[in-house]
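Q: I have a structure open and have not seen it before. Could you show me how to read a few of its features?

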Amino acid sequence: MRLKYIDSAKGFAMLLIVWGHTVTFSDPFSQWASAFKISLFYIITGLLLSMRAEDGKIRKTPVKKLLLSMGIPYVFYSALSLLASAVIMSAQNRGIDFLIDKILLTVTLNGVSTLWFLPSIFFGRLISERVLCRRIPLTVKTVAAVAIPILLVLSAEFIPEIGLHKAVQSVLTVVLKVFVAFWFIGVGFEAGKSRQGNSINQALISMVLLICGSVVAFLNRGVDLNNVLFGSRPLLFFLSGVLCSFGIIGIFAFLCEKLPCKLTAFVGKNSLFVMVTHLPLYIVPIVSLVIEKLITAEGIAYNYMRAIVVFLFVLIIEWVLIYVKNNITARVKNKQGCEFLKYI
């Protein structure tokens with residue numbers, strides 16, 4: 001059974017991700033969103049694990065099932081993205097290094113553009129389910145909750161300085177992102193064990209959390225989780241991620257009782273598809289290129305106009321692709337073919 005407020009929170013985060021990839025200028029809204037838009041997915045994963053838990057113990061997902069759900073889209077969309085990159089390389093007369101760099105990202109599981117998210121959530125969830133299913137003393141949890149962010153921040157600053165081979169550095173970057181996912185999933189799981197029913201009071205608390213998290217976010221500029229950049233005050237990344245994520249989840253839990261929230265719920269339900277297509281398949285860059293040719297005026301107002309138009313066109317394209325994929329899936333009679341289409 002799908003939870004509408006969970007889908008809506010995921011959809012909101014996915015819309016922020018798409019928006020962040022459409023703006024090519026300094027945008028305070030994008031900076032705010034970078035503080036939590038990926039962390040929110042990890043925390044929701046932890047919350048959902050807590051809902052499946054029995055007596056505080058997680059029911060582990062079979063490795064094969066988890067691998068298929070994340071591995072198939074990673075391999076399939078990586079192949080499509082590399083093919084698209086080869087076409088662009090040929091059309092723009094770029095050097096072969098353009099394609100080789102993307103192949104390196106793919107084989108090291110760092111992923112082309114947003115495809116990095118799939119290995120991080122796969123391994124993060126795999127580790128979480130096998131660690132959190134054990135009864136861990138509160139003192140150990142507390143030490144881990146403090147120590148992991150510190151170690152991640154130190155590692156993220158140290159690794160680029162030691163001059164490792166590009167492939168080795170790429171693998172280590174994946175490891176760091178996996179443990180970022182593990183930490184937020186754990187936070188979501190622990191918070192989910194004490195969840196309560198929705199109420200106006202919870203909505204107010206959620207608003208306070210979001211406001212406090214937003215203040216923290218603006219104190220920590222330069223977050224880019226893909227490149228493991230935690231910002232100018234890196235430890236604040238973990239705090240803003242938690243506060244903003246729980247604030248948004250709580251607000252949507254309230255809103256979905258009062259409003260349809262159809263757009264965010266739809267995007268959230270199809271968030272994985274949007275994640276692996278809007279940038280890896282060059283939808284955003286191509287639409288941006290077209291709009292920049294049509295709207296050539298300069299100035300901040302025109303910058304936002306272009307970004308909004310690109311954003312809307314990308315959403316329309318994604319809706320068409322989702323509609324086509326769902327219709328093809330519904331008509332396929334072969335069981336294996338249908339399962340494959342559902343995974344992608």
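This is a predicted model: local features need pLDDT of at least 70, side-chain atom pairs count only at pLDDT 80 or more; totals for chains, interfaces and linings use all residues.

Q: Which residues of helix 14 are buried?

A: A residue counts as buried when its relative accessible area is under 20%. In helix 14 the buried residues are Arg-306, Ala-307, Val-310, Phe-311, Val-314, Glu-318, Ile-322, Lys-325 and Thr-329.

Q: What do the buried residues of helix 14 pack against?

A: They pack against helix 1 (4–22), helix 11 (262–269), helix 12 (271–277), helix 13 (283–294) and helix 15 (335–343).

Q: How many helices and strands are there in the protein?

A: The protein has 15 helices and 2 strands.

Q: What radius of gyration does the protein have, against that of a compact globule?

A: The idea is to compare the value with the one a compact globule of 344 residues would have, near 20 Å. The protein has 20 Å, which agrees. Its C-alpha trace spans about 60 × 50 × 50 Å along the principal axes, and buried residues make up 47% of the 344 residues.

Q: Is Ser-170 buried or exposed?

A: Ser-170 counts as buried because its relative accessibility is 7%, under the 20% cut-off.

Q: What should I look for in the phi angle?

A: Most residues other than glycine have a negative phi. Leu-109 has a positive value, near 70 degrees. Leu-109 sits in the loop between helix 5 (97–107) and helix 6 (117–131), and is partly exposed, with a relative accessible area of 31%.

Q: Where is Val-228 found, and what is its phi?

A: Val-228 lies in the loop between strand 1 (223–224) and strand 2 (229–230). Its phi is near 55 degrees, also a positive value in a residue other than glycine. With a relative accessible area of 6%, Val-228 is buried.

Q: How many positive and negative side chains does the protein have?

A: There are 33 positive and 16 negative side chains, and the centres of the two sets lie 9 Å apart.

Notes. Residues are numbered from 1 along each chain as its sequence is written. Side-chain values use heavy atoms; hydrogens and water are left out. Helices (H or I, at least four residues) and strands (E, at least two) are DSSP runs, numbered from the N terminus. The radius of gyration is taken over C-alpha atoms; the globule rule is 2.2 Å times the number of residues to the power 0.38. Buried means under 20% relative accessible area, exposed over 50%, partly exposed in between (1.4 Å probe, protein chains only). Lys and Arg count as positive and Asp and Glu as negative; His and the chain ends are not counted. The place of a charge is taken as NZ of Lys, CZ of Arg, CG of Asp or CD of Glu. Contact means heavy atoms within 4.5 Å.
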